[in-house]
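Q: Could you walk me through reading charges and surface patches on a structure?

A: Gladly; let's look together.

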Amino acid sequence: MSSGKVKAGQLWSKNKDELTKQLGELKTELGQLRIQKIVSSGSKLTKIHDIRKSIARVLTIINAKQRAQLRLFYKNKKYLPLDLRAKQTRAIRRRLSKEDASRVLEKTKKRQTHFPQRKFAVKAA
């Protein structure tokens with residue numbers, strides 16, 4: 001069995017199969033510790049805490065690797081899944097795009113050309 005804490009730096013070099021295997025080992029160890037905690041009155045809480053945090057680390061690395069692979073897959077595609085898009089505020093997402101904001105209606109264009117801003121010459125006194 002594994003010996004308590006797992007370092008995240010060591011997990012990055014492992015492939016998915018090794019990570020899932022380690023995850024399984026950690027989960028079985030956690031189950032055994034919980035049984036021991038019930039049976040014996042001794043405190044296994046710190047060990048249980050370390051194993052739970054190690055499971056979280058392994059899962060985090062698995063998810064991060066999965067997301068990195070998905071990013072590579074969708075790199076040159078037209079659309080990107082919502083969870084892989086850049087996180088923005090609701091206001092920014094609902095704002096008009098640059099080209100839509102800069103568009104001018106036909107009527108407005110005509111009005112601007114036919115009735116431009118008047119220029120005034122200031123007399124030097």
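Q: Where is Lys37 found?

A: Lys37 sits in helix α2. Keep in mind that this is a predicted model.

Q: Is Lys37 buried, partly exposed or exposed?

A: Exposed residues have over 50% relative accessible area and buried ones under 20%, with partly exposed in between. Lys37 has 38%, so the residue is partly exposed.

Q: Which helix gives the most to the positive patch?

A: That is α3, which provides three residues. Both α2 and α3 supply at least two residues each.

Q: What makes the nonpolar surface patch?

A: Ile35, Ile38 and Val39 make a nonpolar patch of about 370 Å². Ile35 belongs to helix α2. With 55% relative accessibility, Ile35 counts as exposed.

Q: Which side chain does Lys47 meet in a salt bridge?

A: The partner of Lys47 is Glu29, with 3.6 Å from N to O. This pair links distant parts of the chain, 18 residues apart: Glu29 lies in helix α2 (residues 16-39) and Lys47 in helix α3 (residues 45-73).

Q: Is Glu29 buried or exposed?

A: Glu29 has 7% relative accessibility, so this residue counts as buried. Lys47, at 33%, counts as partly exposed.

Q: What does Arg67 form with Asp83?

A: Arg67 and Asp83 form a salt bridge, and their closest N and O atoms are 3.7 Å apart. This pair too links distant parts of the chain, with Arg67 in helix α3 and Asp83 in the loop between α3 and α4 (90-94), 16 residues apart. Arg67 is partly exposed at 33% relative accessible area, while Asp83 counts as exposed at 53%.

Q: Which side chain meets Asp100 in a salt bridge?

A: Arg103 does, at 2.7 Å from N to O. Asp100 has a relative accessible area of 33% and is partly exposed, whereas Arg103 has 61% and is exposed.

Definitions and conventions:
Residues numbered from 1 in each chain as written. Predicted model: local features only at pLDDT ≥ 70, side-chain atom pairs only at ≥ 80, totals over all residues. Heavy atoms only, no water. Salt bridge = Lys/Arg side-chain N within 4 Å of Asp/Glu carboxyl O. Helix = DSSP H or I, 4+ residues; strand = E, 2+ residues; numbered from the N terminus. Buried < 20%, exposed > 50% of the residue type's maximum accessible area, 1.4 Å probe, protein only. Patch = residues over 30% accessible without salt bridge, like charges linked within 9 Å, V, L, I, M, F, W, Y side chains within 5 Å. Areas by Shrake-Rupley, 256 points an atom, 1.4 Å probe, with all protein chains shown as cover.
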